[in-house]
Amino acid sequence: MNKSLKILIAAAVFLAAGTNADAQIASPEHLSDTHTMLRVQPGNEYLLLPVEEKEENAHVDVICNNHVVKSFNVKLAVDKVDYFVPLRFEEMRNGENEKMRNGENGKYLLDIVFPADRHKTGSVKNFTCWKEIKLSSAFDTANREHFRPAYHHTPKYGWMNDPNGMFYKDGQWHLYFQLNPYGSQWENMTWGHSVSTDLVHWQQMPDAIEPDGLGTIFSGSAVIDKNNTAGFGAGAIVAMYTSAGRHQTQSIAYSTDGGRTFTKYVGNPVLTLDVPDFRDPKVFWHEGTQRWIVVLAVGQEVQFYSSKNLKEWTYESSFGHEYGNHDGVWECPDMLEFGGSEWVLLLNINPGGPFGGSATQYFTGSFDGHRFVCNSKPSTTKWMDYGKDHYATVTFHNAPEGRHVALAWMSNWQYAGVVPTQQFRSANSIPRDLKIFKSGDETILASFPSKEINAMRGKQLKKLSNACEVVVDVKGSADIVLQNAKGEKVTMRYDEANRTFAMDRKQSGATSFSDAFPVETVAPTYGAIRQLRIFIDNCSIEAFDSEGKMVMTNLVFPTEPYNTIKVKGGKAKIYELKM
């Protein structure tokens, strides 16, 4: 039996298993060239929506008992189906929505509005989506992607960008993230949720915070309110996030079950401002003033506010004018305290990265609970990572042992929506522990692979694999080339005289999806490098100086794994990474 026939039989078995005699999808009612209504009586958990990525978004209102119970945008297929995404009826039935619970059980109306200009695609009644839309008792999330990472966090399906609301509690790391549940490109921002006990093996949970009347759910943070300052209960998890509606405002939600489910505060929004870019709140407790502090990205500066109860906020100060890079909008700030007196302000920017697109810069200085004072000259720009694919970096609240553990979004806004995957898009970097060191008069942020990553190291291998760690001891300058049988390669160079490390991915594999992708990135090394640690996964390379002084993160898409390594000026050892 050939492979194609096996796939067709498997698909038929899956669809047969997903049908139900009580389930019904009525014939679509086409009211105009841009407006269709579709009546559904599920009897099953999912309505599988066919997506075609080249199309524009259609807007869908899900109506029950004459009330809108869910709204979202989706690129419904016009000519062909790229993949399916699920509309979950069970989530709507079991959610907070009283209108659903008191409504006509199990009957839904999908009110679908397409973009106004349809003349290029023909009549709406002939769209492929009406033939392909289906009810199912299951949604298959088995991996279909050659480039899905082996040991980096990814969503099971859909688009992911910024990590959000990260915290550690009761032996579990909680990672929330910007998620589009209805496609693998940016839209419908929702907080997805994954948990892990080791920062490597992640279990995706139900979506945590969904859009509402104030807007979609943009980035933010979460804290453990140990002393019940907000009145939601001692130990409640309080998330603060940006509600992205007509304006960007700040809202809070709380969880009393350890971060599994959240209830939105009835007094939202809790913080507003008359500017267009006002987002990404990072909340932390300032011991010296015994208050909560939130730092927010506001255009090309950050603003600090204080609160006793996480609900009422007072403006304290601003920072940023004339400091660092201002070639793009400032986003996703974070504040880290080292040793009680030294502080690091992480600040992500898009565009403006050292090699184009998005990147993470940082500032070092002091913070007294009111004002941040930078100890570098205004013209100084410091980058946390000198690759193309390290953005939206934030740290976990309440990390054990006083650690600063960071994750980044491992992509770049220049091409994140067109990288060669479709079931999902984007991964997180490996977790990194952060420390500081001095280089001359400057304080520099160091990044180390977290100890949980170190624990993955297994036996020594004779050749490269698709997911491994390479340790290179160098003596002076060194060249390192990773290559496969097709001649696709990544070249890394350490220049001892100039104190630089470079990675060239121009011939790394698939690159044609974006002119901004084939590039060489170069980093300062802040001194001599004696050992490099290089983490290879199916679509990424992360290179660290073993002393944490240099780190570089780049995506790569080799059509087959790199299987040879050549080193000039050093000696390499290859280790398996135990999963």
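Predicted model: local features only at pLDDT ≥ 70, side-chain atom pairs only at ≥ 80, totals over all residues.
View 1. The strands follow the order 27-28-30-31 with antiparallel pairing; strands (E, at least two residues) are DSSP runs numbered from the N terminus, and two of them pair if DSSP finds at least two bridges between them. Strand 27 (391–395) and strand 31 (442–449) are the edges, each with a single partner strand, so one side of each has no neighbour in the sheet. Strand 27 is joined to strand 28 (residues 405–409) by three bridges, and here threonine 395 stands opposite alanine 406.

**View 2. The largest nonpolar core.** Look here for 45 residues, of which Phe304, Met335, Phe372, Phe501 and Ile534 touch the most other members. Such a core is a set of buried Ala, Val, Leu, Ile, Met, Phe, Trp, Tyr and Cys residues joined through side-chain atoms within 4.5 Å; buried means under 20% relative accessible area, exposed over 50%, and partly exposed in between (1.4 Å probe, protein chains only). Strand 33 (residues 468–483) gives the most to this core, with seven residues. Another core, of 30 residues, lies apart from it and includes Val60, Leu76, Met92 and Ile112.

View 3. Arginine 39 pairs with glutamate 29, their closest N and O atoms being 2.7 Å apart; a salt bridge needs a side-chain nitrogen of Lys or Arg within 4 Å of a carboxyl oxygen of Asp or Glu. Because arginine 39 lies in strand 3 (residues 35–41) and glutamate 29 in strand 2 (residues 29–32), the pair ties together parts that are ten residues apart in sequence. Both partners are partly exposed, arginine 39 at 42% relative accessibility and glutamate 29 at 29%.

**View 4. Two lysine–glutamate pairs.** Lysine 54 forms a salt bridge with glutamate 52, the closest N and O atoms being 3.4 Å apart. Glutamate 52 counts as buried, at 1% relative accessibility. In the salt bridge of lysine 549 with glutamate 547, the closest N and O atoms are 3.4 Å apart; here lysine 549 is buried, at 13%, and glutamate 547 is partly exposed, at 44%. Salt bridges with shared partners join Glu52, Lys54, Glu55 and Asp79 into one network.

Note on methods: Residues numbered from 1 in each chain as written. Heavy atoms only, no water. Helix = DSSP H or I, 4+ residues; strand = E, 2+ residues; numbered from the N terminus.
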